[in-house]
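Open your viewer and get ready to click along. We will go stop by stop, selecting one part at a time.

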Amino acid sequence: MSSPTTRPKKRKATPSMHANAPKRIHVKNFKLARKIDPQAFLDQTWQKINDALDVVFHKQSEINFSLEELYHSVENLCQQRLAQQVKERLEAKCRTYVGGTLKERVKETVGREDVDVLRATIQVWATWNHQLKYLDWIFCYLDRAYLVPRRESLRELAVDLFRSIVFEHPKLNSRIVDGACHLVALDRADEDLDRLTLHKAIKMFHDMQVYTKHFEPRLLELSQKYIMEWADVASADKTLSDYVKGGRALIKKEKTRVEDFRLDASTQRDLLRLLEDHLISRKEARLTNQDDFADLLEDNAVEDLELLYTFLERRRSGVKLRAAFMKWIEETGTAIVFDEKEQDGMVVKLLSLKRQLDTIWKVAFHRDADLGHGLREAFETFMNKTKKSSQTWNTDNSKPGEMIAKYVDVLLRGGAKAIPAQLNRPVDKPAAVEAVEDNEDLIFDEDSEVNSQLDQVLDLFRFVHGKAVFEAFYKKDLARRLLMGRSASADAERSMLSRLKTECGAGFTANLEQMFKDIELSREEMASYKMLMEERNEKHSLDLTVNVLSASAWPTYPTVSVIIPPQIKTATDKFERHYKAKHSGRKLDWKHALAHCQIRAKFPRGAKELVVSSFQAIVLLLFNGLNEDEHVDYNYLKETTGLPPPELNRTLQSLACAKLRPLTKHPKGREINPTDSFTLNTNFTDPKYRIKINTVQLKETAAENKETHERVAADRNYETQAAIVRILKSRKRINHSELVAETIKATRSRGTLHVPDIKRNIDRLIEKEFLEREDDGAYSYIA
Amino acid sequence: MKVTIKEWNAVAAWRWDMPDDDVCGICRNPYDSTCSKCKFPGDECPLLLGECNHSFHMHCIYSWIRQESSQEKCPMCRQPFKSKSQTAATATPTAEGQAQEPTTSPL
Ligand SMILES: [Zn+2]
Ligand SMILES: [Zn+2]
Ligand SMILES: [Zn+2]
């Protein structure tokens with residue numbers, strides 16, 4: 001509306017007037033002022049000013065006055081002490097103009113959209129600001145000499161007028177503000193945003209000083225409504241991940257808008273608070289929902305989990321995932337531990353699970369201390385769940401304890417090549433994950449591979465409360481490795497031993513150390529024995545080696561009756577005489593079931609050297625010198641070997657029904673029957689000359705497994721009773737629940753105790769008259 | 001078919017040559033087990049046979065004899081206790097020297 005032609009040359013001339021004029025003219029005008037009647041002078045001068053203002057306001061014609069002249073007129077008036085009147089007349093003139101022309105122009109748009117009302121206001125405001133520049137020039141002296149000293153200003157006056165008359169007009173005010181808010185709403189809806197208008201509106205609100213009072217509250221009110229609705233709809237419609245991603249995008253977009261349009265810091269702060277309130281705090285239940293969270297864990301969606309965690313962390317609520325996190329771990333872990341069909345894979349699965357969770361904890365949860373505790377707590381819970389099942393021969397024993405021991409055995413027998421592929425550094429790790437994992441992994445050699453596996457297994461083992469089951473199986477497996485010479489690495493054995501010292505205590509490892517020592521001593525003993533034989537020229541065709549054990553350090557082995565072939569008996573008898581002479585007061589119990597040997601056997605298709613168990617050798621010896629078609633029947637084998645049927649059957653099965661079969665069973669079949677007979681397998685052959693067929697000896701039998709479980713359980717009962725007696729000795733009198741709690745506490749390190757078992761042991765002690773139950777149910781100790 | 005045994009790897013466990021259910025007259029622990037101060041049966045906690053034919057853990061009889069009230073008599077038959085030196089369970093002087101003080105700390 002104010003066409004550029006209306007502010008030409010004159011405007012250029014004026015600015016210099018501001019700086020120089022007052023000083024120069026001051027004295028001259030003072031004389032002049034004395035001569036004229038002030039009221040007449042005011043009326044006369046105001047007329048001139050009024051005309052000029054009409055030109056400025058209404059553009060009835062080109063600017064036809066001299067700004068410099070008008071400036072001097074105002075100056076003169078002020079010097080005549082007419083400043084107050086000049087101010088009043090100016091104010092009245094402006095009020096009429098703003099309330100008339102300007103307001104009307106905005107009101108014309110009332111029938112249209114809020115945005116149109118806003119646009120009209122912005123335009124009128126721009127006009128008014130343009131016109132104010134003329135007022136500034138003309139009334140400069142009034143402003144400086146009269147208003148400013150009174151803490152007023154021309155500008156303030158002009159803005160106040162516009163604000164009170166136009167902006168705060170009851171029919172316009174909310175329309176203008178809502179117009180601006182509507183623009184924000186358009187942007188939120190991803191529709192085309194008139195950025196320039198919004199920019200101008202915000203600037204206008206700031207200039208008019210209505211931002212905080214009028215605009216901000218309304219914007220926040222509408223924002224809250226919008227955010228709330230968004231959160232309600234999105235949380236119902238979207239998956240957890242999509243909700244988090246949407247929420248993060250929304251926060252980002254809102255923040256960007258605040259920055260782009262220079263909204264106040266208070267707006268940014270309050271808006272962020274609204275966003276976090278409605279998107280996070282009020283939707284906490286949604287964000288930590290067990291099922292959705294479980295899906296992310298199930299998919300190992302590390303990146304989505306990270307987004308979720310950091311989203312919650314905006315409100316320090318990451319820890320709220322703890323319950324769902326623990327529940328998933330417990331359920332997943334319990335399923336693995338009690339998966340009766342897949343017991344052999346238990347440890348590998350547990351290790352993968354632990355590894356997966358550690359990565360999630362490190363990468364997705366930023367090593368959150370609380371979630372870390374939750375992880376460990378959940379592991380501890382499910383690792384110590386016990387169930388009386390066929391897997392533990394109906395004892396309360398910890399199956400993980402047993403399986404961990406067996407997994408360690410596999411590692412120590414097989415070395416690095418025994419490590420299952422899925423635990424051998426997965427290559428498909430996300431880059432983010434790779435960066436966080438420890439650098440130590442980069443060193444790649446067999447020993448450190450095995451060691452790092454052992455560390456991981458022990459990490460698992462540390463969760464198991466009762467070490468007794470592990471210890472029993474570990475000891476049995478170690479014994480087998482030592483006696484069969486099946487350890488892959490003495491270093492690995494030693495490093496495992498020192499780890500166990502920390503985990504299980506020196507009491508347990510002292511036994512293991514004794515086992516190593518027995519093997520070492522036996523080696524020395526054999527060396528000197530063989531030397532002695534040579535000196536005496538008593539060399540035998542049979543090369544005998546004996547491992548002499550200190551029975552109490554080793555697992556207990558049942559004595560299996562067997563008839564030892566004379567050539568072997570001669571050799572062992574001779575050694576026994578030597579041993580007894582050297583260690584007087586001692587005698588030897590031969591454990592034939594543990595012996596193994598190397599034999600040379602000539603088969604029709606070639607000679608082979610076989611590594612066999614003693615029982616296998618004893619059976620094979622009975623085929624010595626037989627023709628290919630000569631049958632040996634079961635009963636003959638039974639009588640001649642003296643082996644009990646279960647042992648004999650196992651031995652025959654390993655010779656005639658396994659992959660490598662030196663014997664042929666008649667009739668064919670997997671089970672051994674007393675009616676069977678056996679012949680030499682004439683087709684026996686193998687690419688290798690030296691063949692190990694004594695794996696049967698390395699495998700634990702079901703009976704052995706049962707025996708170990710039952711012994712551990714029996715030991716636990718004994719320990720439980722001992723603990724109960726100790727507690728009663730010190731307390732004299734104790735009630736039932738206290739006694740149960742104390743007993744659980746006292747025996748915790750050996751394994752989990754169930755209340756019914758404690759009760760059973762209490763009853764047993766009452767029977768044995770160690771304690772008695774009094775009338776009120778409390779127990780007392782019988783000295 | 002010809003089968004020859006080349007190498008035989010036997011396993012044996014040693015124990016004291018005593019009746020199975022016999023216990024040391026002093027500590028009442030089985031001979032195959034240890035005295036009440038030791039942890040490991042065997043060379044570190046040997047047996048000692050007296051001329052009176054009573055056997056004890058060596059640690060048990062030593063600490064018995066060190067008490068003045070024992071008057072160095074066998075606690076079973078009250079005869080002066082002398083070890084059957086050559087047939088005693090401690091065969092070598094070094095083993096004896098080692099065995100005098102239990103190397104493991106008392107429980
Ligand atoms: Zn004793
Ligand atoms: Zn001792
Ligand atoms: Zn005696």
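How much area do chain A and chain B bury between them? About 3800 Å², with 55% of it on carbon and sulfur atoms; buried area is the accessible area (1.4 Å probe) that two parts lose on being put together, summed over both. The size of an interface is often given in this way, as accessible area lost when the parts come together.

Before moving on, note that this is a predicted model, in which local features need pLDDT of at least 70 and side-chain atom pairs pLDDT 80 or more, while totals for chains, interfaces and linings use all residues. Residues are numbered from 1 along each chain as its sequence is written, chains are lettered from A and ligands numbered from 1 in the order in which they are written, and side-chain values use heavy atoms, with hydrogens and water left out.

**Stop 1: the interface.** Select the residues in contact (heavy atoms within 4.5 Å): chain A gives 48 residues and chain B gives 28 residues. Now highlight A:Arg586, A:Lys587 and A:Gln598, which supply 17% of the area that chain A buries against chain B, more than any other three residues.

Stop 2: Which strand of chain B pairs with S2(A)? Select strand S1 of chain B, residues 2-16: the two pair in the antiparallel sense over five bridges. Strands here are DSSP runs (E, at least two residues), numbered from the N terminus, and two of them pair if DSSP finds at least two bridges between them. Click A:Leu588 and you will find B:Trp14 of S1(B) standing opposite.

**Stop 3: a sheet in chain A.** Next, show S5, S7 and S6 of chain A: these three strands form an open antiparallel sheet in the order S5-S7-S6. S5 (632-633) and S6 (663-666) stand at the edges with a single partner strand each, so one side of each is left without a neighbour in the sheet. Zoom in on S6(A) and S7(A) (residues 677-680), which four bridges join in antiparallel fashion. There, A:Leu663 has A:Leu680 in S7(A) as its bridge partner.
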